[in-house]
Amino acid sequence: MEWDWAFVWQIMPTLLAGLKLTLLVTLLAAVVAAVLGLALAILRRSGNRAVARGTAALSEFIRGTPLLVQLYFIFYVLPDIGIRLPALLAGVIGMGLHYATYTAEVYRAGIENVPRGQWEAARATNLTMRQTWVHVIVPQAVPPMIPALANYLIAMFKETPLLSAITVLELMNQAKSVANTYYRYIEPMTLVGVFFLAMSLVSVVFLRVLEARFGRMAK
Amino acid sequence: MGDWGGYLSLILQGALVTAKLTVMGCALALVVAFIAGLGRVSRFAAIRWLATAYIEFFRGTSIFVQLFWVYFVLPFAGVTLEPLQAGIMALGLNVGAYAAEVVRGAILSVPRDQYEACIAVNLTRFQRMRHVIFPQALPLMLPTFGNNAIELLKGTAVVSLISLHDMTFQAQVVRAQTGSTLIPFATILVLYFLMALALSRAIRMIETRITRGLDGVR
């Protein structure tokens with residue numbers, strides 16, 4: 001079978017619609033992952049032993065099992081107990097939750113990397129807890145986290161095709177449906193690959209910039 | 001309610017396929033990782049570019065897209081693969097690209113004076129790699145290899161979408177036949193987690209074996 005440019009232009013609008021949804025899902029899931037990850041990181045530092053242990057075990061479990069199965073779980077099992085989520089929302093929650101366990105580690109490492117002396121100095125100069133966090137810890141902990149967090153953003157973007165398995169009409173699903181309609185697989189599948197490759201090459205450049213700007217400032 | 005024993009054995013058959021995919025995928029990934037990782041630190045520019053292109057391509061697109069491409073597009077180019085072969089190939093090449101970067105990083109992190117010492121005692125390039133650089137780089141690679149192996153295990157779930165009868169696929173079959181959702185999916189989640197635990201234990205064992213006698217060196 002030959003590569004057909006006319007077909008490429010014919011399916012382009014459909015694929016671009018899928019790409020738009022892919023980007024939307026990535027952004028929403030990234031927000032969920034960023035917020036939920038912070039919550040997990042804080043819970044893990046909790047003084048209550050049971051809470052800290054439980055959070056650690058839960059994160060470990062989520063990280064040890066495939067995202068696809070978790071998506072199925074959210075999409076198929078939750079309706080049985082009365083929680084019916086639209087596919088898009090299920091996807092965003094599933095992906096956000098999965099990656100929250102990764103971002104939680106980033107937050108934890110970032111906070112732990114602030115030298116002890118900084119905490120002690122804050123106490124010595126009689127700063128309150130809030131002042132310590134806002135003026136001393138966060139400004140030092142956050143910049144080194146940024147490249148790592150951006151890395152997971154890119155990883156999430158690449159995982160979005162999984163959502164096609166729970167009927168979200170993102171890029172991959174659009175490509176599959178055009179492929180099945182016209183029974184031409186070469187163009188749609190290759191274009192999806194090209195789209196992802198192009199986006200991720202751009203994001204690699206973006207990541208380099210972030211790393212140069214924020215990485216290892218303290219050293 | 002029905003014959004749960006039968007359904008469980010269906011899922012266990014799937015677990016076997018998942019295990020097979022993981023082991024064979026890891027084997028392919030390991031080979032590819034060393035070839036591409038060493039290629040990236042080669043002294044020939046052409047080999048470096050080739051390795052970089054491979055790594056960027058496979059890290060830049062997701063396993064899902066690669067799998068579909070291998071399974072649906074390659075047949076038009078005359079290469080028809082069994083689902084199992086397609087799965088192993090996509091998983092191995094994908095994770096191999098990530099692991100190649102680990103190999104490269106570990107080799108580059110061996111201190112410069114080790115290279116200089118090798119030149120001073122007149123070792124050939126091969127001897128230098130085999131006896132000096134590699135034994136020091138390997139322990140650095142292992143922990144990340146462990147993570148990569150777990151990523152590969154998680155990646156195997158995707159092959160259910162090209163109708164390979166792995167654990168996820170079988171869980172869907174059970175769901176379709178019984179209408180029960182919680183039991184099949186909870187079962188495979190636990191099974192996946194146990195497999196991941198087993199993998200990380202195995203890697204830790206290899207790690208203690210390989211780093212034996214290296215205390216105090218690093």
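Trainee: Why are H7(A) and H8(A) called roughly antiparallel to each other?

Mentor: The axes of H7(A) and H8(A) cross at roughly 165 degrees and come within 9 Å, where axes are lines fitted to C-alpha atoms over the stretch in contact and angles run from 0 to 180 degrees between N-to-C directions. Angles under 35 degrees count as roughly parallel, over 145 as roughly antiparallel, 65 to 115 as roughly perpendicular and the rest as oblique, and H7(A) and H8(A) are therefore roughly antiparallel. The helices themselves are DSSP runs (H or I, at least four residues; strands are E, at least two), numbered from the N terminus. Bear in mind that this is a predicted model, in which local features need pLDDT of at least 70 and side-chain atom pairs count only at pLDDT 80 or more, while totals for chains, interfaces and linings use all residues. Residues are numbered from 1 along each chain as its sequence is written, and chains are lettered from A and ligands numbered from 1 in the order in which they are written.

Trainee: Which residues meet where H7(A) packs on H8(A), and how many of them are nonpolar, polar or charged?

Mentor: From H7(A) come A:Leu171, A:Met172, A:Ala175, A:Val178 and A:Ala179, and they meet A:Pro188, A:Met189, A:Leu191, A:Val192 and A:Phe195 of H8(A); two residues are in contact if their C-beta atoms, placed from the backbone, lie within 7 Å. Ala, Val, Leu, Ile, Met, Phe, Trp, Tyr, Cys and Pro count as nonpolar, Asp, Glu, Lys and Arg as charged, and the others, Gly among them, as polar. Under that scheme the contact of H7(A) with H8(A) has 10 nonpolar residues, with no polar and no charged ones.

Trainee: Why does A:Thr167 count as partly exposed, and why does B:Asn122 count as exposed?

Mentor: A residue is buried if 20 or more other C-beta atoms lie within 10 Å of its own, exposed if 12 or fewer, and partly exposed in between. A:Thr167 has 13 C-beta neighbours inside 10 Å and so counts as partly exposed, whereas B:Asn122 has 7 and so counts as exposed. A:Thr167 lies in the loop between H6 and H7 (171-182) of chain A, and B:Asn122 is placed in the loop between H5 (112-120) and H6 (125-155) of chain B.

Trainee: How many residues does each chain bring to the contact between chain A and chain B?

Mentor: Chain A brings 29 residues and chain B brings 27. On the chain A side, H2 (49-64), H3 (67-77), H6 (129-159) and H8 (186-214) each supply at least two residues, and H8(A) gives the largest share, 9 residues. The residues on that side divide into 21 nonpolar, 5 polar and 3 charged.

Trainee: Which residues have the most contacts inside the largest nonpolar core?

Mentor: They are A:Ala29, A:Leu68, A:Val69, A:Leu71, B:Leu67 and B:Ile188, in a core of 104 residues; such a core is a set of buried Ala, Val, Leu, Ile, Met, Phe, Trp, Tyr and Cys residues joined through C-beta atoms within 7 Å. H4 of chain B, residues 83-108, gives the most to this core, with 13 residues. Leaving aside neighbours within four places in sequence, B:Ile188 is in contact with A:Val69, B:Ile11, B:Met167, B:Thr168 and B:Ala171.

Trainee: How many helices and strands does each chain have, and what percentage of its residues is buried?

Mentor: Chain A comes to 8 helices and 0 strands, with buried residues making up 37% of its 219 residues. Chain B also comes to 8 helices and 0 strands, and 38% of its 218 residues count as buried.
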